[in-house]
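Here are my notes on this one, in the order I'd look at things. Have the model open while you read.

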Amino acid sequence: MTFFGGYDPERRRHAGLSRRALGAVAVLLLLTAMPMQAQSFRQGLSAYQRQDYATASRIFIPLAERGNAPAQTYLGFLFETGRGVPLNYTEAAMWYRRAAEQGDSRAQYSLGLLYDRGQGVPRDIVEASKWLNLSTAAAPPPVREARVRVRDAVTTKMTRGEIAQARLRALEWAPSREH
């Protein structure tokens, strides 16, 4: 029965159920896609470990474009070393930066080294020190000591003012997630 110019409570109830059913289907699709994305990263990592860098890069690129920080870091390394992709320091720096901004300490370390050497980015000892400071602070114990040595070696090239500026930049930095 239709009320008030076309309002049908029965149809309205079914439409609400349809929207909820559609929402449930959308949630299920998202949930099933998430493990697939994680599986894809594992597949990329497996290809990388087998030294099948071309396959690894093909897997990492779409993940990295969607904001996956570990994939961005591995992709940065592939571009930095020219494995599976053309050697391109600028591209490496871009991928490292995207992962570093999300808090990936390996990417922060690698980006710091690129700034120290001026590869793919302008040489900037303060920016290098900032990223190396952040990387060292977040490093797991097995690699922390090595990162401390590298960070300290870079620091020896700096003035007191540059050291203070790098520390301030590191203190002001906060991770941000990609959308």
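Helices here are DSSP runs of H or I with at least four residues, numbered from the N terminus. This is a predicted model, so local features need pLDDT of at least 70, side-chain atom pairs count only at pLDDT 80 or more, and totals for chains, interfaces and linings use all residues. Residues are numbered from 1 along each chain as its sequence is written, and side-chain values use heavy atoms, with hydrogens and water left out.

1. Start with Ser-135, found in helix 6. At 0% relative accessibility, Ser-135 counts as buried (buried is under 20% relative accessible area, exposed over 50%, partly exposed in between, with a 1.4 Å probe and protein chains only). Leaving aside residues up to four places away in sequence, Ser-135 touches Ser-105, Gln-108, Tyr-109 and Arg-147 (contact means heavy atoms within 4.5 Å).

2. Next, the largest nonpolar core, which has 32 residues (a core is a set of buried Ala, Val, Leu, Ile, Met, Phe, Trp, Tyr and Cys residues joined through side-chain atoms within 4.5 Å). Tyr-48, Phe-60, Leu-75, Leu-78, Leu-111 and Trp-131 touch the most other members. Helices 1 (9–49), 2 (53–65), 3 (69–81), 4 (89–101), 5 (105–117) and 6 (125–138) each supply at least two residues of this core. Apart from it lies another core of nine residues, including Val-126, Val-154, Met-158 and Ala-166.

3. Helix 3 deserves a look. Of its 13 residues, 10 are buried, so helix 3 is largely enclosed by the rest of the structure. Among the buried ones are Gln-72, Thr-73 and Glu-80. At the start of helix 3, a side-chain oxygen of Asn-68 comes to within 2.9 Å of the backbone nitrogen of Ala-71. After the helix comes Gly-82, with a positive phi near 70°.

4. Now the aromatics: there are seven aromatic pairs (rings of Phe, Tyr and Trp, the last by its six-membered ring, pair if their centres lie within 6.5 Å; planes under 30 degrees apart are stacked, over 60 edge-to-face, the rest tilted). Tyr-48 and Tyr-74 pair edge-to-face, 5.0 Å centre to centre with 75° between the planes. Tyr-48 lies in helix 1 and Tyr-74 in helix 3, so this pair ties together parts 26 residues apart in sequence. Tyr-48 and Phe-77 are also edge-to-face, at 6.2 Å and 70°. Phe-77 counts as partly exposed, at 26% relative accessibility. One aromatic cluster includes Phe-41, Tyr-53 and Phe-60 along with these three.

5. Finally, Arg-151 sits in helix 7 (residues 141–155). Beyond residues up to four places away in sequence, Arg-151 touches Leu-132, Asn-133 and Thr-136.

Terms used:
A polar contact is a pair of N or O atoms within 3.5 Å; within protein, one must be able to donate a hydrogen and the other to accept it, and residues adjacent in sequence count only if both atoms are side-chain atoms.
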